[in-house]
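Let's walk through this model together, starting from one side chain and working out to the whole fold. Keep the structure open beside you as you read.

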Amino acid sequence: MRKRKFIWLGTGALLAAAAGFFWWAFLAPAGTVFRLYDRGRDEVVLSVPIEAGDKLSLEIEHSFEHIPWYEYYTVTEDFQFNLDAIAVAGYGAGIPAEMDVPTRIEDGLVWMEEINSVFPRFSWITSDKYMKSFTLNGQEIIDFRSLPDASRIRGEIIKRRGYLSDV
């Protein structure tokens with residue numbers, strides 16, 4: 001009788017441990033990541049942890065005017081991208097000239113602030129000449145020039161489930 005009780009307790013403990021491991025590995029909230037996907041090759045080219053309130057910035061060169069263009073985003077509480085500001089070295093083809101937002105000129109750049117335009121994801125076709133760096137909280141996370149020219153890239157925030165799961 002005692003041996004049977006020990007077997008049942010051991011089996012129960014083993015099942016509880018297995019259930020706990022399964023929950024930890026595949027179901028537990030494991031944070032959020034920002035991912036860049038190459039849509040043409042269907043592969044992840046970047047995956048970094050990200051949180052609400054984090055700051056992203058994109059540096060490009062205008063393809064016609066050949067002037068610097070910067071975009072500044074904040075990750076929202078619902079894990080979207082709020083365009084806070086852009087800074088461009090002038091006005092020209094394709095540059096928004098009449099946005100109804102605070103605008104100032106500083107260090108040769110036209111700053112347009114308080115834009116507050118929200119994007120659920122990014123979709124780009126990269127340029128190995130004109131798209132430059134993408135930063136997270138001031139640290140470069142990718143140099144777009146390292147990707148093949150005209151890569152079809154999608155950027156989005158993924159809520160991870162499970163510490164051994166890919167998503």
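The side chain of Arg41 makes a polar contact of 3.0 Å with the side chain of Glu43. Here a polar contact is a pair of N or O atoms within 3.5 Å; within protein, one atom must be able to donate a hydrogen and the other to accept it, and residues adjacent in sequence count only if both atoms are side-chain atoms. You will find Arg41 in the loop between β1 and β2 (43–49). Strands (E, at least two residues) and helices (H or I, at least four) are DSSP runs, numbered from the N terminus. Arg41 is partly exposed, with a relative accessible area of 40%; buried means under 20%, exposed over 50%, and partly exposed in between, using a 1.4 Å probe and protein chains only. Although 112 residues separate Arg41 from Ile153 in sequence, their C-alpha atoms are 9.8 Å apart.

Before going on, a word about what you are looking at: this is a predicted model, in which local features need pLDDT of at least 70 and side-chain atom pairs count only at pLDDT 80 or more, while totals for chains, interfaces and linings use all residues. Residues are numbered from 1 along each chain as its sequence is written, and side-chain values use heavy atoms, with hydrogens and water left out.

Now move to another arginine, Arg35, which lies in strand β1 (residues 29–38). Is Arg35 buried or exposed? At 5% relative accessibility, Arg35 counts as buried. The side chain of Arg35 has a polar contact of 3.1 Å with that of Ser47.

Let's step back to the chain as a whole. Of the 167 residues in the chain, 38% are buried.

Seven of the strands form an open sheet with antiparallel pairing, in the order β6-β7-β5-β4-β3-β9-β10. β6 (103–106) and β10 (139–143) stand at the edges with a single partner strand each, so one side of each is left without a neighbour in the sheet. From one strand to the next, the twist averages 25 degrees, where axes are lines fitted to C-alpha atoms (for helices over the stretch in contact) and angles run from 0 to 180 degrees between N-to-C directions. Two strands pair if DSSP finds at least two bridges between them.

Follow β3 (residues 55–61) to see how this pairing works. Seven bridges join β3 to the antiparallel β4 (residues 68–75), with Ser57 opposite Tyr72. These two strands form a hairpin with six residues between them, and His66 in the turn has a positive phi of about 55 degrees. β3 is also joined to antiparallel β9 (residues 131–136), by four bridges; there, Ile60 has Met131 as its bridge partner.

Within β5 you can pick out Asp84. Its side chain makes a polar contact of 2.7 Å with that of Asn82. Asp84 and Glu113 are 29 residues apart in sequence, yet 6.0 Å apart from C-alpha to C-alpha. Beyond four places in sequence, Asp84 touches residues including Lys55, Tyr72, Glu113 and Glu114; contact means heavy atoms within 4.5 Å.

Glu114 itself deserves a look at its backbone. Most residues other than glycine have a negative phi, but Glu114 has a positive phi of about 55 degrees. Glu114 lies in β7 and is exposed, with a relative accessible area of 56%. Asn137 also has a positive phi, near 50 degrees; Asn137 lies in the loop between β9 and β10 and is partly exposed at 44% relative accessibility.

Finally, look inside. A nonpolar core is a set of buried Ala, Val, Leu, Ile, Met, Phe, Trp, Tyr and Cys residues joined through side-chain atoms within 4.5 Å. The largest one has 31 residues, and those with the most contacts inside it include Phe34, Leu56, Trp124 and Phe134. Strand β5 (residues 81–88) gives the largest share of this core, four residues. Leaving aside neighbours within four places in sequence, Phe134 is in contact with Phe34, Leu56, Trp124 and Phe144, among others.
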